[in-house]
Amino acid sequence: MSRTIAMVKGTIWASEWKSYDDRYTGIRVHQLTDYRGHSRLPYFTENSLYDGGKRLLFISDRDNSANLFSIQLETGEMTQLTTYTGNDDLDVALTPDEQYAIVSDGRVIRALHLTHFRERIKFRCPKDHVLSNVTCTADGQHIIVCVCEDLSARIDTDLGNGYVGHQEWMEAKPLSRMMQIELNTGQARELYREHNFITHINASPRLPWLATFCHEGPWHLVDQRIWGIDLRDGRVWPIRERLTAGESVGHECFLPDGEYIGYHGLRPDGRHFFGRIRYDNTGMEEQEIPFATWHLYQNEGLVVADGQGEVDVLTVWQRQPDDTNTNTNTDTDTDTDTDTDTDTDTDTDTSVRPAQGQQIYGREYEGPFTVCELRCSFHSQKLHAHPRLSEDGRRLFFNSDRNGYGNLYMVELPEDVTVLPRWEE
């Protein structure tokens, strides 16, 4: 756990790797960090791998401050990329060309060059406002972020540690403004505004004009969770509207194709499910699962879940071929005349809606199969598992505080995940 020089950009930290065989499945698990302070991946909706998949970005609380690091996945050697002091956390997004990390400390957004470590300020949060997560468009030209009124002076707030104030912020409907910031110049323009608590901004990794955002709050209480936005003109539309009252959907994340959006949720009768839907509300497919999960990440062939409660393992499903078990549901309530109380200053496009007769259950997934023990407390945002697959689906990265501190872990998945033990209740 020693570094070679004092804390400056480019500081090299020695490898902290440990490896062990999982006690449930026997799969080899690699612990990538081992420090008496929390380390974690950036949020699971953002890619953290760069340099041809040889390096991984991560955030670590060292010297009593959160900073950005890079780990070389062949040697385990780590490079310190920022030297912020007195900082609690960071939000990070990679540019598509992997040249820059977009880094937000909640007050200032910077572009950090990943070779020479030079930083340039691109945006400052206005006074009495807070920033959402940051994301970068598929062409690498713009940073997308939401600027929201700060209600913490009048609402008891600790969203990162127990979601304190979560529902109250939703009910207060703060003014939120979606901003588009030019990466080269830092010039910012307002795309869209409304009186709702907006967070969870995701840019499509393939279509530079497309992003999603959410109306934040308890999933079963928000008016509509997932929204699409056309970055060319600021038009917005609901994605994956409720099929029944009281249904919960969330943790949306673009699949690698940049057109489909994955999510998971809970039906009013207690059944859990995951699904995917195209940004234009076509091609919806959903599958019920036997347990609750905190998060879920999927690519075109695999779905990974981090479980919840007594399900203290990482699990995986494998997508079956096209010709397996498809059926069409024609009984779906597709009434599109529902009004909302949203106060917006931009016209909302309500033409993109689920169509009558679309697939509700399409290609099924085989599973779940157990990958490894997780033992993650989920006590705070820093200690969420946030599993994410590498682009080729062969490496699974996740966080866990199984030894008391949050650390990064990696598992190399078999080419056929069905050889793993099937999960049993």
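How many nonpolar, polar and charged residues are in the lining of the second largest pocket? There are 14 nonpolar, ten polar and seven charged residues there, where nonpolar means Ala, Val, Leu, Ile, Met, Phe, Trp, Tyr, Cys and Pro, charged means Asp, Glu, Lys and Arg, and polar means the others, Gly among them.

Before you click further, some housekeeping. This is a predicted model, in which local features need pLDDT of at least 70 and side-chain atom pairs count only at pLDDT 80 or more, while totals for chains, interfaces and linings use all residues. Residues are numbered from 1 along each chain as its sequence is written, and side-chain values use heavy atoms, with hydrogens and water left out.

**Whole chain**

Start zoomed out, with the cartoon on. Of the 425 residues, 57% are buried, meaning under 20% relative accessible area with a 1.4 Å probe and protein chains only (exposed is over 50%, partly exposed in between). Among contacts between residues at least 6 apart in sequence, 53% join residues at least 24 apart; a contact is heavy atoms within 4.5 Å.

**The second largest pocket**

Now go back to the pocket, which has a volume of about 710 Å³. Select Asn47, Pro205, Arg206, Arg388 and Glu391: of the 31 lining residues, these are the closest to the pocket's centre. Strands S5 (49–50), S14 (135–136), S18 (198–203), S22 (248–254) and S30 (388–389) each give two or more residues to the lining.

In case you wonder what counts as a pocket: on a 1 Å grid over the protein atoms alone, it is an open set of points where a 1.4 Å probe fits, with protein on both sides within 12 Å along at least five of seven lines, and lining residues have an atom within 4 Å of a point. The volume is the space filled by probe spheres set on the points.

**Arg388**

Keep Arg388 selected. This residue sits in strand S30 and counts as buried because its relative accessibility is 16%. Show the surroundings of Arg388 and, beyond residues up to four places away in sequence, you'll pick up contacts including Thr45, Asn47, Cys253 and Tyr297. A polar atom of the Arg388 side chain lies 3.4 Å from the backbone oxygen of Thr45.

**Along S31**

From Arg388, hop to Phe397, its bridge partner in S31. S30 and S31 pair in the antiparallel sense over two bridges (strands pair if DSSP finds at least two bridges between them). The two form a hairpin with five residues between them, and Gly393 in the turn has a positive phi of about 75°.

Colour S31 (residues 395–400) by accessibility next. Six of its six residues are buried, so the strand is largely enclosed by the rest of the structure. Arg395, Phe397 and Asn399 point one way, with Leu396, Phe398 and Ser400 pointing the other.

On to S32 (residues 407–412), an antiparallel partner of S31 over six bridges. Here Met410 stands opposite Phe397. This is another hairpin, with six residues between the strands and a positive phi of about 105° at Gly404 in the turn.

Jump to Gln80 in strand S8 (residues 78–80); with 1% relative accessibility, Gln80 is buried. Its side chain makes a polar contact of 3.1 Å with that of Trp13, a polar contact being a pair of N or O atoms within 3.5 Å; within protein, one must be able to donate a hydrogen and the other to accept it, and residues adjacent in sequence count only if both atoms are side-chain atoms.

Then select Ser65 in strand S7 (residues 65–72), buried at 2% relative accessibility. The Ser65 side chain reaches the backbone oxygen of Tyr84 at 2.8 Å.

Finish with the backbone. Asp63, in the loop between S6 (55–62) and S7, has a positive phi near 55°. Lys173, in the loop between helix H1 (166–172) and strand S16 (175–182), has a positive phi near 50°. Last stop: Gly367 and Pro368 are joined by a cis peptide bond, with omega about 5°, and Pro368 is in strand S29 (residues 365–373).

Definitions and conventions:
Helix = DSSP H or I, 4+ residues; strand = E, 2+ residues; numbered from the N terminus.
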